[in-house]
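Me: Hi, could you help me look through this one? I'd like to go over it piece by piece.

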Amino acid sequence: MAGEETGLSTDIVSAPAHWSRNRRDFLRILGSSALAATLGPLVGCSSGNASSRSDELRQQLLADEGFWAQMNDMFTLNPAKRFMNIGTAGSMPKLALDLFDSENRAKAAESGNGYSNLLAERTQVAPGFGVDPDELAFSANTSSGMCHAILGLDWKPGDVVVTTNHEHGGGETPLAIAVTRYGIEVARVAMPTGNNQTAALYATLFDSRIRELRTQGKRVRAMMFSAPTYKTGTMLPIAELMDVAKLHGLVSIVDGAHLPGMMAYDYAQLGMDFMSGAGHKWQCGPGSTGILIVRNKIRPSNPLPLPKWYPIHTSSWSPRERTTNGTATYDIASVITSCGSLHTPMYRALVSACSLWDQVGRKKIETYDLALSAYLKERIAEIWGVDRLYSPKDDPKLVSAVTSFNPFMNAGDIMNSAKSGQFVARMLSDYQPGFVVRNVNVAVIGAPSDHYVIRISTHLWSSVNDIDRLLEAMWDLSRKMG
């Protein structure tokens, strides 16, 4: 898309003079690759105290504050609130809103239809996710993509899916349908919580569960997991779990609702069979948009045969077998995307948001989001104690920009659903600005009932000062509520 089409020609991302004065990429400040190499030595070291780690993070975040303040100006967010529930809904940037409006008006003026497989749009977006256009489909949202992935597989009675006890309804519902319709079985891995966990632990948990089931004579067919989980923000280690899936010859399905727009992943390199993500959360596209990655050719990242799969929602299908080599037989993403007359303005607005992320730099945005989250976690550990975290902070492979914790003076109140809900409501009503956060129920190993944790999501319009104000308000409210 040309600059005129994206609306980016006058924006800060395409005008070097409007980048931060020192022009220091945030990746240079924190490191040069993934968070494992950037924050690992800082937040994972055994020497030094938490205060020094949080102080260091704060200074690093402030170093490029001007750039992120200008990014914030690209959104129409209500200044009376601080929005820290991006895990539920994001906000479209002005350029995407403007494009959405102009595309809708143009379509109305010409009485246009939406019969398309959106190849041009998929071709523009796919490189930002490390895949080819035939591997990136547009869906209605994460739940829609999970239905495509799960209900399109050729299940046989007795097939077993290994998953976790922290999954979202977007994956749970199609699994339940497959149980009833096809006679599959679901086996769970109980999820750890808190900081005392490692990526290696997850590989062991899944591998052991699969071996246990096969010893019982079960036909384990697939692995499904969320990365990160919506309950605690734990980033299940995709690379390590893909090693387990490949070792056991399993279909791999990832609920990646929070991945697009937060993490700068190369999905072809990761090699999962399906990754369903949201377009409207961290990626800041319109509602009712999603990104579904489907493995459609054999690569070294995953040499397993492509699973047999049938579309469940399409206008274009023919019974062709998929490739057994590195060249796609057909555009499977076209089959998934094409279903009647599409709302093309909606998807073009999503493309516009994706283009903004690509030009700013997905790794730059990822690192900023994770650095904010690392600062938040360190400060929570300082104020409330590290045992109050339900999210890991010290294994860089497990961190995301989602943080869940227990803020209550009486730690046992975390099992009080009503009190947790009141905390969320009062964070918005009792403070200026009001803070938009959420709570979520978490199954905790050994606990008599679910814990109702407070969940905070940090994104590119948040600042280190926002986090400081948030922490002050949460500490104040926790004391007031007793």
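Me: How much space lies in the second largest pocket?
Reply: About 230 Å³. A pocket here is an open set of points on a 1 Å grid where a 1.4 Å probe fits, with protein on both sides within 12 Å along at least five of seven lines. The volume is the space filled by probe spheres set on the points. This is a predicted model: local features need pLDDT of at least 70, side-chain atom pairs pLDDT 80 or more, while totals for chains, interfaces and linings use all residues. Residues are numbered from 1 along each chain, and side-chain values use heavy atoms, without hydrogens and water.

Me: Which residues lie nearest its centre?
Reply: Lys308, Trp309, Arg320, Glu321 and Arg322, out of 16 lining residues, meaning those with an atom within 4 Å of a point.

Me: Switching to aromatics, how many pairs are there?
Reply: The whole structure has 11, counting Phe, Tyr and Trp (six-membered ring) with ring centres within 6.5 Å. Trp68 and Tyr368 are stacked (planes under 30 degrees apart), at 4.1 Å centre to centre and 10° between the planes.

Me: Where do those two sit?
Reply: Trp68 is in helix 6 and Tyr368 in helix 16, so the pair ties together parts 300 residues apart in sequence. Helices are DSSP runs of H or I, at least four residues, numbered from the N terminus.

Me: Buried or exposed?
Reply: Both Trp68 and Tyr368 are buried, that is, under 20% relative accessible area with a 1.4 Å probe, protein chains only. Together with Phe67, they form one aromatic cluster.

Methods: Phe/Tyr/Trp six-rings, centres within 6.5 Å; stacked < 30°, edge-to-face > 60°. Buried < 20%, exposed > 50% of the residue type's maximum accessible area, 1.4 Å probe, protein only.
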